[in-house]
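Open the model in your viewer and keep the selection panel handy. We will walk through a few stops together.

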Amino acid sequence: MLRFIVFRLLAAIPVLFFVILITFTLVRMAPGGPFDIDRAVPQQVLDNLNKRYHLDDPIHVQFGDYVFNLLKGDFGPSFKYPSRTVTELIGIGLPATIELGFYALLVAMVIGILAGILAGIRPNTWQDYVPMSFAMIGICLPSFVLGPLLILGFGIGLDWFPVSGWGVSPGDKVLPSLTLGAAYAAYVARLTRGGMLDVMSQDYIRTARAKGLPEWRIVTKHALRGALNPVIAFAGPAAAGLLSGSFVVETIYQIPGLGRFYLQAAFNRDYTMILGTTIFLSVLIIVFNLLADVIQAALNPKLKHGLGGAR
């Protein structure tokens, strides 16, 4: 297992390098610059700003300097907020983003697993068709459509929940968590259903039924552990996707998370903030995928043996 973890971490180094290279190239290819504003600025002022942030250096020199500083843990200063570094801005917005992602993942797992179990133990019945139909709707309905619908229905129409803010009034975390977690709940439901259908046809399940065990015990003790392997494998990318995909939801509900700074950086061409956030999220994706593999191996001895022999 340790060998597998080390191998995955070493394999992540070239992945991160290409993420940095591609992101750095794309942001520099975009028209305009971080100091282009509506009001005319004297050319001397622009030249001084470019010199201060080394934007007048050749592009390969800028990239080399950025990577060198990155190895020291320095994401650089923000062009939009000169008095703050990118690391400080990530630290300000990250707690709300993590909290939103956690609640959304909780919604996705609870609703998705329960719906998948219900559909898996009663295939080709109304108990299967109803949750899977809602799962298909959840997959097809993007968050920028579902969010306003929930606001209109439960926020404005029924006045049950606040429509904006985070941690200000009771219940203001319900609608954002549902909006972000709905699509992932649909995927979890389909994965759980597929895992249940596969496990419930195994010989050891038939043996458990022949012994006269109650159905609820067969499902919870014997079938569920094997059926959740696809869900656990999906949990790593899902957790990373919830963090990186929360920007739209944060904008809809006015949540002071990392997405606010990232979107502002995109509009303001804040190179360092775009790069820093992208690299940070890339690291999270790698870490969550690795954790998902480790947890899956812990639940599956055969897979654990295979990972231990990874070269």
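Start by selecting helix 7 (174-199), which gives the most to the lining of the largest pocket, with six residues. Helices here are DSSP runs of H or I with at least four residues, numbered from the N terminus. This is a predicted model, in which local features need pLDDT of at least 70 and side-chain atom pairs count only at pLDDT 80 or more, while totals for chains, interfaces and linings use all residues. Residues are numbered from 1 along each chain as its sequence is written, and side-chain values use heavy atoms, with hydrogens and water left out.

Now show the whole lining: 18 residues, with Ile111, Phe134, Gly138, Ala182 and Ala185 nearest the centre of the pocket. (A pocket is an open set of points on a 1 Å grid over the protein atoms alone, where a 1.4 Å probe fits, with protein on both sides within 12 Å along at least five of seven lines; lining residues have an atom within 4 Å of a point.) The space inside is about 400 Å³, taken as that filled by probe spheres set on the points, which are joined across faces, edges and corners. Colour the lining by type and you get 15 nonpolar, three polar and no charged residues; Ala, Val, Leu, Ile, Met, Phe, Trp, Tyr, Cys and Pro count as nonpolar, Asp, Glu, Lys and Arg as charged, and the others, Gly among them, as polar.

Axes are lines fitted to C-alpha atoms over the stretch in contact, and angles run from 0 to 180 degrees between N-to-C directions.

Technical notes. Helix = DSSP H or I, 4+ residues; strand = E, 2+ residues; numbered from the N terminus.
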